[in-house]
Amino acid sequence: VNENEIETTEGILNIAEGKSITEDGQIDTYEITEKEAPKKYGLYKNTIKLNVVGKESDNGFEVNGETTNLIIGEESIEKGEKSSDGYVTWDISGDTITITLENRQFDLALYKWVTTTLVTEDGKTSEYSSEHTQSDKSNVVNVSIPKNKLNDVVVKFKYTIRVENQGELDGYAKEIKDHIPDGLKFVPEDNVEFGWKAEDDNTITTDYLKDTLLKHGETAEVTVVLTWINGSNNFGQKVNFAEISEDYNDYNDSDDIDSTPDNFTGEVVEDDEDSDVVMLQIKTGEVVNSAYCFVAIAFVGIVAVGAIGVKKFVL
């Protein structure tokens with residue numbers, strides 16, 4: 001067994017260069033264990049065992065391509081085939097044996113969008129769909145409130161937060177953090193299901209997904225409800241941000257390939273954070289009915305989300 005520690009050069013590791021076969025049936029065994037993965041790649045934890053078998057030929061001695069074998073755990077890997085875990089392949093060309101170990105990346109992404117507006121008046125709550133999706137938030141939700149009912153209605157916005165594993169390594173979103181904009185507030189009673197807790201007046205966190213293992217392509221969701229703070233000076237757009245504030249994987253805790261948890265700067269700059277925007281306006285003039293209705297109007301000047309329209313609820 002070769003017990004030397006050797007560093008790769010441009011991704012290539014020569015473990016037995018110049019080794020000679022001197023007899024028929026000679027067996028040389030090499031156990032290869034990755035001690036350190038490339039930066040931001042997961043460490044391969046299994047041991048690769050290569051048994052090189054020699055044979056006599058007309059020209060002396062050579063590698064016996066039929067009996068030389070590669071084993072990972074209890075699994076024998078056929079030449080040219082991939083190991084069941086998807087990481088290792090190998091082949092023989094003459095007396096050169098090439099083993100390819102594919103390191104994998106860790107990459108969690110987060111998406112956030114408002115799904116529902118809830119308006120309560122005279123004890124009756126009405127719900128309005130935003131029609132937003134993970135990929136389409138082109139129409140901004142806008143609630144227009146009559147001046148004479150400013151203090152008599154309760155307006156809440158329900159958001160979906162989705163975490164997706166876009167990398168090859170399994171992992172966890174151990175904590176999600178939501179940054180509440182001025183003018184909205186967190187009401188604990190509205191957010192019991194997903195265990196949201198207030199860190200301060202403008203920050204809440206949940207570890208609801210801490211034990212949810214996400215494999216490649218898998219997603220998991222939580223929701224959060226925020227409430228408008230009634231006030232004659234509390235109108236305009238409210239941009240709500242969320243981010244992954246703690247993540248984890250079992251592969252030497254490999255860092256996310258393109259994001260750093262808990263580094264929110266006030267705008268979306270990485271794919272583990274996202275935002276959505278709502279609008280509130282005061283409506284003056286005579287009230288013609290007491291029901292909220294839904295209209296879409298053109299709107300220019302919404303920042304942060306590239307909006308081209310407004311979904312408007314008018315009382």
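Mentor: The lining of the second largest pocket has four nonpolar, one polar and four charged residues. Here Ala, Val, Leu, Ile, Met, Phe, Trp, Tyr, Cys and Pro count as nonpolar, Asp, Glu, Lys and Arg as charged, and the others, Gly among them, as polar. The model is predicted: local features need pLDDT of at least 70, side-chain atom pairs pLDDT 80 or more, while totals for chains, interfaces and linings use all residues. Residues are numbered from 1 along each chain as its sequence is written, and side-chain values use heavy atoms, without hydrogens and water.

Nine names make up the picture. Leu43, Tyr44, Lys45 and Asn46 line this pocket, together with Asp85, Tyr87, Glu168, Asp170 and Tyr251. The space inside is about 150 Å³. (A pocket is an open set of points on a 1 Å grid over the protein atoms alone, where a 1.4 Å probe fits, with protein on both sides within 12 Å along at least five of seven lines; lining residues have an atom within 4 Å of a point. Volume is the space filled by probe spheres set on the points, which are joined across faces, edges and corners.)

Take Tyr251. Tyrosine 251 lies in the loop between S17 and strand S18 (273-283). (Strands are DSSP runs of E, at least two residues, numbered from the N terminus.) Tyrosine 251 is partly exposed, at 23% relative accessibility. (Buried means under 20% relative accessible area, exposed over 50%, partly exposed in between, with a 1.4 Å probe and protein chains only.) Leaving aside neighbours within four places in sequence, tyrosine 251 is in contact with Gly42, Leu43, Lys45, Tyr87, Leu169 and Asp170. (Contact means heavy atoms within 4.5 Å.) The C-alpha atoms of tyrosine 251 and leucine 169 are 7.7 Å apart, and 82 residues separate the two along the chain.

Tyr87 is another lining residue. The charged end of arginine 104 sits over the ring of tyrosine 87, 4.4 Å from its centre. (NZ of Lys or CZ of Arg must be within 6 Å of the ring centre and within 35 degrees of the ring normal.) Tyrosine 172 carries a charge over its ring too: the charged end of lysine 174 is 4.8 Å from the ring centre.

Now the ring pairs. There are five aromatic pairs. (Rings of Phe, Tyr and Trp, its six-membered ring, pair if their centres lie within 6.5 Å; planes under 30 degrees apart are stacked, over 60 edge-to-face, the rest tilted.) In one, tyrosine 172 and tyrosine 248 have ring centres 6.3 Å apart and planes at 35 degrees, so the pair is tilted. Tyrosine 172 belongs to strand S12 (residues 172-179) and tyrosine 248 to strand S17 (residues 236-248), so the pair ties together parts that are 76 residues apart in sequence. Tyrosine 172 is buried, at 16%. Tyrosine 248 is partly exposed, at 31%.

Finally, the largest pocket. Its volume is about 1600 Å³. The lining has 45 residues, and Ile12, Leu13, Asn14, Ile15 and Ile32 are the closest to the centre. By class, the lining of the largest pocket has 20 nonpolar, 13 polar and 12 charged residues. Strand S1 (27-32), strand S2 (48-57), strand S3 (60-63) and strand S7 (96-101) each supply at least two residues of that lining. S7 gives the largest share, six residues.

Methods:
Helices (H or I, at least four residues) and strands (E, at least two) are DSSP runs, numbered from the N terminus.
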